[in-house]
Structure formats: C-alpha cells, structure tokens
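Dear colleague,

Please find below the structure that I am handing over to you. My findings follow it.

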Amino acid sequence: VASKVNGRWRKPKLSLRKQAVARKAAIVEGTYGSWDPETGLGWDPEWDLLRRRKVSVMRVPKGRKHDRERPARLARIDAGLAAQEKLLEDYRREAKARRPQRGLLQFLKRE
C-alpha cells in the first residue's frame, strides 16, 4: 500500500493487482494466515486491514430546483388563495366608494 515517508509518497512494493493475485494464491495453497519471510509464501491477514477503504454514505441527490421548491411554492399559493376572498371584498368596497353616488340628492347637488 502506498505510504507517506518524510512528507513524500512512496510507491508500494507490490501493486494492488499483484497483491490480490498473491492473496488469492495463498488462499488456494492454504497458506493464508501465515507468512514465512524466508520463502516469501503465505499471506498475513493484517495486510487486508491496510487495504480496507472508508465507508462512505451517499447523499440524497440534489434534484432540480423547481422540484425542491415546489412544496414552499404550493404553500405560498394556498395562502394567497385563502386571502383572495377578503382581498376581493376590500377591492369591491373601495371601487364602490370611488364611484360617484347616484340618486336625486346627488343630482340636485350638482346643479
């Protein structure tokens, strides 16, 4: 496994592919779990721990903006529709107040 020595990365003595081949050969030969430095046969199980990768948890995909913001948009629309009746009543009341009043008294006041 590659390692950092004195601030510099050093290549492994055996590539990961060659390590896998040696490990599988040790399993087939029955020498897995024992290492003989004189003959170079076998495989030490501690070497497997060096290759163990970190477990990563995938995040939820971000998705599209209009899909993410849809619930907030629908809530905003519902709130606007709930207030719509009151707004229409207020508008009609103000529009009626702006119109000139009709009737006999108003006709006489103009002359």
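The radius of gyration of the chain is 41 Å, whereas a compact globule of 111 residues would have one near 13 Å; the radius is taken over C-alpha atoms, and the globule rule is 2.2 Å times the number of residues to the power 0.38. Along the principal axes, the C-alpha atoms fill a box of roughly 125 × 35 × 15 Å.

This is a predicted model, in which local features need pLDDT of at least 70 and side-chain atom pairs count only at pLDDT 80 or more, while totals for chains, interfaces and linings use all residues. Residues are numbered from 1 along each chain as its sequence is written, and side-chain values use heavy atoms, with hydrogens and water left out.

Five helices and four strands are present in the chain, in the order β-β-α-β-β-α-α-α-α from the N terminus. Both are DSSP runs numbered from the N terminus (helices: H or I, at least four residues; strands: E, at least two). Gly30 follows helix 1 and has a positive phi, near 85°.

Of the 111 residues in the chain, 5% are buried (under 20% relative accessible area, 1.4 Å probe, protein chains only). Among contacts (heavy atoms within 4.5 Å) with a separation of 6 or more, 21% come from residues 24 or more positions apart.

Yours sincerely

Methods
Buried < 20%, exposed > 50% of the residue type's maximum accessible area, 1.4 Å probe, protein only.
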